[in-house]
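Trainee: I am new to this one, and I would like to learn how to read it. Could we go through it together?

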Amino acid sequence: MRQRRLNEEEQALWAAFAQGIAPLRTARQAKPATLPPDPPVPPSTTPAKPGMSRAAIMQRLSSGGVHAVHGTASHSLTVQKGRGGAFEIGVRRPGLDDTSWRGLVSGKLRPARRLDLHGQVAQTAFHRLHGFIIQAHADNVRCVEIITGLGSGHNGGILRRELPFWLGRGDLGRLILAVVHPHAANQGAVRVLLRRSARGNGF
């Protein structure tokens, strides 16, 4: 069968039609379809929870506003110093009457309650001490004894070193009149003379 040649009009139509035809790709040539990238996640507008960064804590430590009492890899406990810093042991404070001071120093004023912190970690010891002093004052107890033990090292253990700072806190120091060691040879314990509560009279 003899093929017929296309005239000029038919050739123009075929050329226009052929321009819209794309060649088929083989299985090897075909590329897997790629998904469009995920849209960027907008930054969170939720405000961060309040707290102190490690740098801020270290700055306050260096300035003397916070006294570190215990630190581990997992947690750290800090307590605010009292306005007067560490409570001075063996020093008579203004306003304390002679009879009370002599009785405390001589040992005649016996402790009505005793708290033994020997062997406690600092965090536990501090919370026990805090509750002990608050409760003793509320019960109008006059004198208490706190045992820390001597500890190791040139300046003693951590409880012995930190106790004056704990007693000097604003919430505890205002309840205390004086602190002394039972005697010079026993530096691992102190006797605390408490102010009388509102129900009592005098100091």
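Mentor: What follows is a set of questions and answers, going from the overall layout to single residues. This is a predicted model, in which local features need pLDDT of at least 70, side-chain atom pairs count only at pLDDT 80 or more, and totals for chains, interfaces and linings use all residues. Residues are numbered from 1 along each chain as its sequence is written, and side-chain values use heavy atoms, with hydrogens and water left out.

Trainee: In what order do the elements of the protein run from the N terminus on?
Mentor: Helices (H or I, at least four residues) and strands (E, at least two) are DSSP runs, numbered from the N terminus. The protein has 6 helices and 6 strands. Their order is α-α-β-β-α-β-α-β-α-α-β-β.

Trainee: What percentage of the residues of the protein count as buried?
Mentor: Buried means under 20% relative accessible area, exposed means over 50%, and partly exposed is in between (1.4 Å probe, protein chains only). The protein has 203 residues, and the share of them that counts as buried is 30%.

Trainee: Which residues does Leu167 contact, leaving aside its neighbours within four places in sequence?
Mentor: Contact means heavy atoms within 4.5 Å. Leu167 is one of the core members that touch the most others. Its partners, leaving aside neighbours within four places in sequence, are Phe87, Leu129, Ile146, Leu172, Gly173, Ile176, Val179 and Val192.

Trainee: Within what arc do the buried residues of H4 fall?
Mentor: The buried residues in H4 are Ala122, Ala125, Phe126, Leu129, Phe132, Ile133, Ala136 and His137. The arc is that of the directions from the helix axis to the C-beta atoms. Seen down the axis of H4, these buried residues line one face of the helix, because they fall within an arc of 135°.

Trainee: At what angle do the axes of H4 and H5 cross?
Mentor: Ala122, Ala125, Phe126 and Leu129 in H4 meet Ile158, Leu159, Leu163, Trp166 and Leu167 in H5. Axes are lines fitted to C-alpha atoms, for helices over the stretch in contact, and angles run from 0 to 180 degrees between N-to-C directions. The axes of H4 and H5 come within 11 Å, and their crossing angle is roughly 40°.

Trainee: Is His137 buried or exposed?
Mentor: His137 is found in helix H4. Leaving aside neighbours within four places in sequence, His137 is in contact with Leu175, Leu194, Arg195, Arg196 and Ser197. Its relative accessible area is 16%, so His137 is buried.

Trainee: What is the phi of Asn140?
Mentor: Asn140 is found in the loop between H4 and S4. At 27% relative accessibility, Asn140 counts as partly exposed. Asn140 is a residue other than glycine with a positive phi, near 60°.

Trainee: Which strands do the buried residues of H3 pack against?
Mentor: The buried residues of H3 are Ser100, Trp101, Gly103 and Leu104. They fall within an arc of 165° seen down the axis of H3, so they line one face of the helix. On the other side of H3, Thr99 and Arg102 are exposed. The buried residues pack against S4, S5 and S6.

Trainee: Is Arg110 buried or exposed?
Mentor: Arg110 lies in the loop between helix H3 (98-106) and strand S3 (113-116). Not counting residues up to four places away in sequence, Arg110 touches Cys143 and Arg191. With a relative accessible area of 56%, Arg110 is exposed.

Trainee: What is the relative accessibility of Ala189?
Mentor: Ala189 has its place in strand S6. Not counting residues up to four places away in sequence, Ala189 touches Ile146, Ile147, Val180, His181 and Pro182. Ala189 counts as buried, because its relative accessibility is 4%.

Note on methods: Core = buried A, V, L, I, M, F, W, Y, C linked by side-chain atoms within 4.5 Å.
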